[in-house]
Amino acid sequence: MIRRIAGVPGPVGSGSGGDRPGRRGTVRYLKDEAVPSAPRMLLGHALRSRRHHLGLKQEEVARRMGCSSSKLSRIESGMHHFKEKDLLRLFVVYEISGEKEQVVLLELAEIANQPTWWQEWSTVAQPYLQAVISFEDMATRIKAYSSDLLHGLAQTPAYAEALIRRGRGERGTHDALLGLRKERRARFEAAPGKKLIIVVHAAALLNRVGSPEIMADQMEHLAGLSERRNYQLRLIDPAHHYDLPVELGTTTIFDFEGRVPKVAYAENLDGALFIQDEDLVDHREVVFDELRFKGLGPDAARRKLNDLARMYRKFQAP
């Protein structure tokens with residue numbers, strides 16, 4: 001289900017004004033429906049933005065391409081298989097003549113049409129989770145604010161298992177999801193140049209998951225992550241600041257180093273919010289950076305985490 005968010009333009013082709021020139025992107029609330037992968041979603045977004053920049057209507061572009069408006073809508077929403085011949089026609093209609101821009105879009109299309117490594121988990125992973133994994137794969141920098149539970153890439157295997165076991169589904173499904181989580185983490189850590197910038201609110205460190213031992217190990221794990229090349233950690237301790245913009249809520253921002261626009265993601269109990277609207281993503285990033293710069297630095301964060309680890313150790317049974 002794709003829901004209209006109050007005050008935000010609707011998806012392209014939704015009949016809610018989504019084709020108005022000047023619209024910068026979309027906000028989608030997703031539950032169980034198929035979700036385009038990052039390459040498809042981002043390629044569609046880039047094409048839609050170009051069309052809006054030129055002030056063209058979908059009907060006009062479809063007529064010049066010799067296709068239906070519904071096909072063009074599916075292309076722009078990332079729900080259509082990309083064909084090189086379609087892209088080459090769009091390059092002409094959209095006046096995309098620069099070799100560099102053409103190469104970027106063609107490479108996105110090629111990646112979008114390839115089988116994904118997480119395909120074997122497609123029967124157990126919710127569609128929006130598969131989309132998140134595709135964004136993790138493409139992004140070079142990930143900014144994540146954790147307000148209640150820790151980000152998946154920062155969890156220990158035991159913490160992740162305790163969370164997954166208490167979720168919906170049977171044990172076999174949980175086992176498969178744990179395998180997927182392990183593979184996600186391994187691929188992130190092996191990828192050159194990737195970085196996770198994570199800001200953790202103290203509440204996420206005090207929400208107890210599993211057992212005192214699991215929480216103590218998790219605190220020590222976070223302290224160790226802060227010393228690794230592809231992680232950057234900041235802690236938010238309300239005891240040190242007033243008026244922190246914590247209403248941002250648990251949010252992840254995927255940064256593709258300018259190759260395509262950034263995307264924000266926020267997950268809740270029943271679904272997920274994908275934000276492509278550039279103004280809204282920019283606003284979330286500004287708020288994230290405010291939290292990041294007000295957070296405890298690496299040394300202070302490690303001291304806090306080690307103190308929490310010792311606290312949880314005291315709760316362990318003798």
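Trainee: In which loop does Asp 243 lie?

Mentor: Asp 243 lies in the loop between β4 and β5. Those names come from DSSP runs, where a helix is H or I over at least four residues, a strand is E over at least two, and numbering starts at the N terminus. This is a predicted model, in which local features need pLDDT of at least 70 and side-chain atom pairs count only at pLDDT 80 or more, while totals for chains, interfaces and linings use all residues. Residues are numbered from 1 along each chain as its sequence is written, and side-chain values use heavy atoms, with hydrogens and water left out.

Trainee: Why does Asp 243 count as exposed?

Mentor: The relative accessibility of Asp 243 is 73%. Exposed means over 50% relative accessible area, buried under 20%, and partly exposed in between, with a 1.4 Å probe and protein chains only. Since 73% is over the 50% limit, Asp 243 is exposed. Asp 243 also has a positive phi of about 60°, although it is not a glycine.

Trainee: What makes Glu 95 exposed?

Mentor: Its relative accessibility of 56% puts Glu 95 in the exposed class. Glu 95 sits in the loop between α4 (84-93) and α5 (99-112), and it has a positive phi of about 60° without being a glycine.

Trainee: Is Asn 230 buried or exposed?

Mentor: Asn 230 is buried, as its relative accessible area is 3%. It lies in the loop between α10 (212-225) and β4. Leaving aside residues up to four places away in sequence, Asn 230 touches Phe 188, Glu 189, Lys 194, Lys 195 and Leu 196; contact means heavy atoms within 4.5 Å.

Trainee: Phe 188 and Tyr 231 form an aromatic pair; what makes it edge-to-face?

Mentor: Rings of Phe, Tyr and Trp (its six-membered ring) pair if their centres lie within 6.5 Å; planes under 30 degrees apart are stacked, over 60 edge-to-face, and the rest tilted. Phe 188 and Tyr 231 are 5.5 Å apart centre to centre with 65° between the planes, and the pair is edge-to-face. Phe 188 in helix α8 and Tyr 231 in strand β4 (residues 231-236) are 43 residues apart, and the pair links distant parts of the chain. Both Phe 188 and Tyr 231 are buried.

Trainee: How many aromatic pairs does the structure hold?

Mentor: The structure holds eight aromatic pairs. One of them is Trp 117 with Trp 118, edge-to-face at 5.4 Å centre to centre and 90° between the planes. Trp 117 and Trp 118 are both buried. Ring pairs also link Phe 135, Phe 254, Phe 256, Tyr 265 and Phe 274 into a cluster.

Trainee: Why is β5 described as largely enclosed by the rest of the structure?

Mentor: Five of the five residues of β5 are buried, so the strand is largely enclosed. Thr 251, Ile 253 and Asp 255 point one way from β5, and Thr 252 and Phe 254 the other way.

Trainee: How do you know that β2 and β5 pair?

Mentor: Two strands pair if DSSP finds at least two bridges between them. Strand β2 (residues 141-146) and strand β5 (residues 251-255) have five bridges, in the antiparallel sense. Along this pairing Tyr 145 stands opposite Thr 251, and Ala 144 stands opposite Thr 252. β2 is also joined by six bridges to strand β3 (residues 195-201), which runs parallel to it, with Lys 195 as the bridge partner of Arg 141. β5 pairs with β6 over three antiparallel bridges, Phe 254 having Val 263 as its partner.

Trainee: Which element gives the most to the lining of the largest pocket?

Mentor: α8 does, with six residues. A pocket is an open set of points on a 1 Å grid over the protein atoms alone, where a 1.4 Å probe fits and protein lies on both sides within 12 Å along at least five of seven lines; lining residues have an atom within 4 Å of a point. By that rule 37 residues line the largest pocket, with Gln 126, Tyr 128, Arg 181, Glu 267 and Asn 268 nearest its centre.
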